[in-house]
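These are my notebook entries on a protein structure.

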Amino acid sequence: MRGDDMRRGTAQQAVTQTAALTYGAYLRLPQLLGQQVPRTAVAYDEQLFITVHQVHELWFKQLLVELTDARDRMLAGDSATAVRRLRRCREIERALLSALELLDTMAPHDFQAFRGALGSASGAQSAQFHEVEAVSAGRGRTRAMGWLTDAERARLDRRLLEPTLWDGFLAVLTGVPRAGRAAALRGEGPYGELADALLGHDEGWALWRHRHILVVERQIGGGRGTAGSSGAAHLRMRSAERFFPELWEARGAVL
């Protein structure tokens, strides 16, 4: 009986704690809202700049959850769930675009008012951004990223050793005849929906990259970026890259 009483007491305590839970406590809002700390005292738009980038990191985190599960579902042969995950990724990428566009409401001279406070910090140092590219297409060279923390480096190294989304797609196509594989790449047949969802993720990421270039050009033109980069010129060098070039090339076979 003592064991039963203890279990009942534990269950009742859990119910009481859940009943007392507030919206702010569940979302940890005091901790979350305490993270926007401008480094300048008078630059009004630094708050916006910090918020937009923190929102990006939150969406990158969710994007990694969805992409990882999509890959794992494909490796397990569950293409239907993978399609749903990838479609959600496309919506997240639309949200990222909307967040990025908020920076266009900031005048260049307002950015210059706090730009010096960024020091050697750069958006290129987003470890999660590089993780998205790693899980999508196996991109990344951690040895060249001296700014990574030990935890970020370990996480990115692990991602680079894992199968990619493309590996997952190829696993789904295992045993499919050549004609069926070609049809899938074109977005046709039973696996065409999955190929199209992968292409949607690729397109969403490419659109974000292009929009980012325009935001940078609007703020600093052709000037140098933070952390000594060449700014928009540096971003433009990789803007034509695609995660799944085979899918894009196969679209030409339809014509």
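**Entry 1: a pocket**

I began with the lining of the second largest pocket, which consists of Leu32, Leu33, Gln35, Gln36, Thr51, Gln54, Val55, Glu57, Leu58, Lys61 and Gln128. I note that the model is a predicted one. Helices α3 (29–33) and α4 are the elements that each give two or more residues to this lining. Which element gives the most? I found that α4 does, with six residues. By class, I recorded four nonpolar, five polar and two charged residues around the second largest pocket. Its volume came out at about 300 Å³.

**Entry 2: helix α4 and a neighbour**

I then followed α4, which spans residues 46–75, to its packing with α9, residues 165–172. The two axes lie 7 Å apart, and the angle is about 25°. Angles under 35 degrees count as roughly parallel, and α4 and α9 are therefore described as roughly parallel to each other. The crossing of α4 past α9 is left-handed.

Which residues meet here? From α4 I listed Leu67, Ala70, Arg71, Met74 and Leu75; from α9 I listed Leu165, Asp167, Gly168, Phe169, Ala171 and Val172. Sorted by class, the residues of this contact are eight nonpolar, one polar and two charged.

**Entry 3: helices α6 and α11**

I next looked up α6 (residues 108–115) and α11 (residues 192–220), whose axes come within 8 Å and cross at roughly 85°. That angle makes α6 roughly perpendicular to α11. In α6, the residues in contact are Pro108, Phe111, Gln112 and Arg115, and they meet Arg218, Gln219 and Ile220 in α11. I sorted the residues of this contact into three nonpolar, two polar and two charged.

Rolling a probe the size of a water molecule over the atoms shows where empty space is left. How many cavities of 30 Å³ or more does a search of the whole structure find? I recorded one. The largest cavity holds about 40 Å³ of space. I wrote down its lining residues as Arg139, Asp202, Trp205, Ala206, Arg209, Glu241, Arg242 and Phe243. Which classes make up the lining of the largest cavity? I counted three nonpolar and five charged residues, with no polar ones.

Definitions and conventions:
Residues are numbered from 1 along each chain as its sequence is written. This is a predicted model: local features need pLDDT of at least 70, side-chain atom pairs count only at pLDDT 80 or more; totals for chains, interfaces and linings use all residues. Side-chain values use heavy atoms; hydrogens and water are left out. On a 1 Å grid over the protein atoms alone, a cavity is a set of points where a 1.4 Å probe fits but cannot get out, and a pocket is an open set with protein on both sides within 12 Å along at least five of seven lines; lining residues have an atom within 4 Å of a point. Grid points are joined across faces, edges and corners, and a volume is the space filled by probe spheres set on the points. Ala, Val, Leu, Ile, Met, Phe, Trp, Tyr, Cys and Pro count as nonpolar, Asp, Glu, Lys and Arg as charged, and the others, Gly among them, as polar. Axes are lines fitted to C-alpha atoms, for helices over the stretch in contact, and angles run from 0 to 180 degrees between N-to-C directions. Helices (H or I, at least four residues) and strands (E, at least two) are DSSP runs, numbered from the N terminus. Angles under 35 degrees count as roughly parallel, over 145 as roughly antiparallel, 65 to 115 as roughly perpendicular and the rest as oblique. A crossing is left-handed if the near helix is turned anticlockwise from the far one by less than a right angle, and right-handed if clockwise. Contact means heavy atoms within 4.5 Å.
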